[in-house]
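The following note goes through the coordinates point by point, for a colleague who will want the cut-offs stated beside each value. Please read it with the structure open.

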Amino acid sequence: MSAYLAFTRSSFHSQLAYRNEVWANIFGKLVQVVARVAIWQAAYAGVGAIAVEGVSLQQMVTYALLGGAVMGATRPERIIGEIGRSLKTGDIAVWLLKPLSYPLYLFANECGSFFYRLMTQVIPTITFTALFYGMLPPASLFHALMFIAFWALSFTLLFLMSALFGLIAFWLMTSFSLDWILGALLQLFSGLLVPFWFFPEPLATIARHLPFAWVVYYPNAVYLGRLSAADIWFHLGLGLAWAGLFLFGVLWLWRSASTRITVQGG
């Protein structure tokens, strides 16, 4: 376990070497969040309603700010790209000689990057935009605590999805386009761009049961109090089940990929 903690610390400190990029990243996040908020302000002004489908403009502004925070702290393309580079350079074969787990190394590495982005990008961006636009507090202390739990689940699921897509590169021999495919699925089915409240049926029902919904939609819905206590516990359990399924998939793919490397390497 100490080895993986060392990987986490190393990843965090390596990010600190690029301090000049912090301001550029903050600016980029600000532009993204401001654009999302502006779109919803224009949409509500266009319909001339205080609330749409029971959702107020201030709730949508908060949703947009939180969506940027949840997604901004994790970079799926970085995880997939790391696997692709290791495969291309042949460094991946070294992990077969180490008494360590490659998937756990990737997770530890991403944890370090997550904490770095949380401190240098997400918190400053949310603080600034919340002061400028106004941000609703959690519906209750219970919802605030459960939001943290769902955010942790969101991070875990997003990592497992990224690792799963990245490991497919062992059969394609390239990670090209895999990050784009996952990104497209997340944009549409995570609720990042449009919450499922505004989806037509039966697409809304389908989207609520897909694993991508636990990345953005459910953490935000919990924060805003859109789910009852019973629904929160139910969807937390369902999200954990999805995480378990993806974990099994990642471990199975890595085992199959290891065998493939060994056979091809003689």
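1. Val33 counts as buried because its relative accessibility is 4%, where buried means under 20% relative accessible area, exposed over 50% and partly exposed in between, with a 1.4 Å probe and protein chains only. The residue sits in helix α2 (residues 20–47); helices here are DSSP runs of H or I with at least four residues, strands are runs of E with at least two, and both are numbered from the N terminus. Val33 touches Leu65, Thr125 and Thr129, leaving aside residues up to four places away in sequence, a contact being heavy atoms within 4.5 Å. From Val33 to Leu141 the separation is 108 residues in sequence and 26 Å in space, C-alpha to C-alpha.

2. On the basis of these values, this is a predicted model, in which local features need pLDDT of at least 70 and side-chain atom pairs count only at pLDDT 80 or more, while totals for chains, interfaces and linings use all residues. Residues are numbered from 1 along each chain as its sequence is written, and side-chain values use heavy atoms, with hydrogens and water left out.

3. The largest nonpolar core has 74 residues, of which Tyr102, Phe150, Met161, Phe170, Trp197 and Trp254 touch the most other members; such a core is a set of buried Ala, Val, Leu, Ile, Met, Phe, Trp, Tyr and Cys residues joined through side-chain atoms within 4.5 Å. Helix α6 (residues 141–167) gives the largest share of this core, 15 residues. Tyr102 has among its contacts Glu82, Ile83, Trp95 and Trp254, not counting residues up to four places away in sequence.

4. Which residues line the largest cavity? They are Arg78, Ile79, Glu82, Leu106, Asn109 and Glu110, and they divide into two nonpolar, one polar and three charged. Helices α4 (76–89) and α5 (102–133) each supply at least two residues of this lining.

5. Asn109, placed in helix α5, counts as buried because its relative accessibility is 13%. Asn109 touches Phe7, Ser11 and Arg78, again not counting residues up to four places away in sequence.

6. The unreviewed UniProt entry lists residues 114–136, 148–173, 180–199 and 232–254 as "transmembrane region", and annotations of this kind may be inferred rather than shown by experiment. In the model, residues 148–173 are 92% helix and 0% strand, with end C-alpha atoms 37 Å apart. Residues 180–199 are 50% helix and 0% strand, and their end C-alpha atoms lie 23 Å apart.

Technical notes:
1 Å grid on protein atoms, 1.4 Å probe; cavity = no way out; pocket = protein on both sides within 12 Å on 5 of 7 lines; lining within 4 Å. Nonpolar A, V, L, I, M, F, W, Y, C, P; charged D, E, K, R; others polar.
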